[in-house]
Amino acid sequence: MYKMELQLFAATKISDVIVPDVFNPYVVERTAEKSALYQSGIIQNDAQLNALAQSGGTLLQMPFWSDLTGDDEILTDAAALTAGAITASKDVGRLLLRGRAWGVNDLAKALSGDDPMMVVGDLVAEYWARRMQAALVSTLTGVFGAASMAGNLLDITALVGDLAKFSGDSFIDATHKLGDAESGLTAMMIHSATYASMRKQNLIEFIPNSQGFYDIPTYMGKRVIADDGCPVADGNYTTYLFGSGAIGYGEGAPPVPTETDRDSLAGEDYLITRKHFLLHPRGVKWTETAVVGASPTNAELATAANWLRVYENKNVKIVKFLHKL
């Protein structure tokens with residue numbers, strides 16, 4: 001009877017809950033579902049980027065044809081047309097190699113749920129959604145530190161009084177940094193203080209989600225995402241504007257994406273997850289100028305020397321807007 005009671009009340013182990021071949025695809029899918037940047041269309045995944053991210057290299061080449069240039073010519077029987085050329089260039093992305101492990105004590109509460117797999121999977125997915133968002137904010141800091149991105153930046157913080165503040169007029173000025181391509185901007189990422197200021201001014205309109213609840217914030221038709229990772233310093237706030245697909249995402253293939261382990265002597269169970277991914281601003285080339293280790297840290301992603309714009313300014317569908325409140 002005593003042995004039977006031990007079996008009935010045996011502790012749930014991580015290995016009892018996690019089947020890596022099932023768990024990892026579930027986490028990948030749930031990470032996308034829980035990412036506001038993914039849901040807004042700012043980050044887009046496609047098969048080509050997945051193939052690049054799984055190709056085995058860390059610097060991922062993305063060649064493209066430059067647009068045609070030059071004036072047209074007058075037709076005449078006295079001279080031949082001058083042949084122009086189409087030129088090729090390349091964008092370069094960087095594969096990010098990240099991992100995280102947890103001990104069973106961190107997950108003890110989660111493992112008491114009715115569906116441990118779902119609870120643990122959601123916790124891991126939310127974690128990676130947050131970490132990818134942090135990597136993106138660092139990337140944007142580096143991108144807009146590069147001199148080549150000056151044409152996509154509007155800084156009004158040096159102006160006087162209300163002219164330095166976020167307003168409808170200054171926001172429109174920011175969108176028009178892309179000229180006639182401004183209509184392609186569909187979403188914005190702002191600091192929570194900017195979001196609060198906008199709500200106080202009744203600037204935010206809520207639209208329904210897929211379930212019919214009016215909980216998706218928008219401004220001037222653009223999806224609003226509040227994130228305190230957006231830089232703020234000395235009362236100067238950063239707002240980022242994005243076009244659909246401005247950030248390309250590729251899912252890599254670490255050799256062992258998910259595994260479990262146990263230290264029997266210590267009575268500790270472990271869950272280990274590893275993630276290889278490409279999270280790249282389309283049209284801004286990664287130069288690998290200042291990287292020390294096997295994969296860039298967030299600080300290195302935020303280093304301006306690692307970035308160089310290769311698309312025309314208005315074809316890089318990202319704008320940085322610096323303002324006060």
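Predicted model: local features only at pLDDT ≥ 70, side-chain atom pairs only at ≥ 80, totals over all residues.

Modeller: Residues are numbered from 1 along each chain as its sequence is written, and side-chain values use heavy atoms, with hydrogens and water left out.

Colleague: Why is Val124 called buried?

Modeller: Buried means under 20% relative accessible area, with a 1.4 Å probe and protein chains only. Val124 has 3%, so Val124 is buried.

Colleague: Which residues is Val124 in contact with, leaving aside its neighbours within four places in sequence?

Modeller: Contact means heavy atoms within 4.5 Å. On that basis the partners of Val124 are Phe23, Val27, Trp102, Leu271 and Thr273.

Colleague: Why does His191 count as buried?

Modeller: His191 has 11% relative accessibility, and the limit is under 20%, so His191 counts as buried.

Colleague: What makes the pair of His191 and Asp228 a polar contact?

Modeller: A polar contact is a pair of N or O atoms within 3.5 Å; within protein, one must be able to donate a hydrogen and the other to accept it, and residues adjacent in sequence count only if both atoms are side-chain atoms. The side chains of His191 and Asp228 make such a contact at 3.5 Å.

Colleague: How do you know on which side of α8 the buried residues lie?

Modeller: The buried residues of α8 (168-175) are Ser170, Phe171, Ala174 and Thr175. They cover an arc of only 145° around the axis, so they are on the same side of α8. The arc is taken from the directions from the helix axis to the C-beta atoms.

Note on methods
Buried < 20%, exposed > 50% of the residue type's maximum accessible area, 1.4 Å probe, protein only. Helix = DSSP H or I, 4+ residues; strand = E, 2+ residues; numbered from the N terminus.
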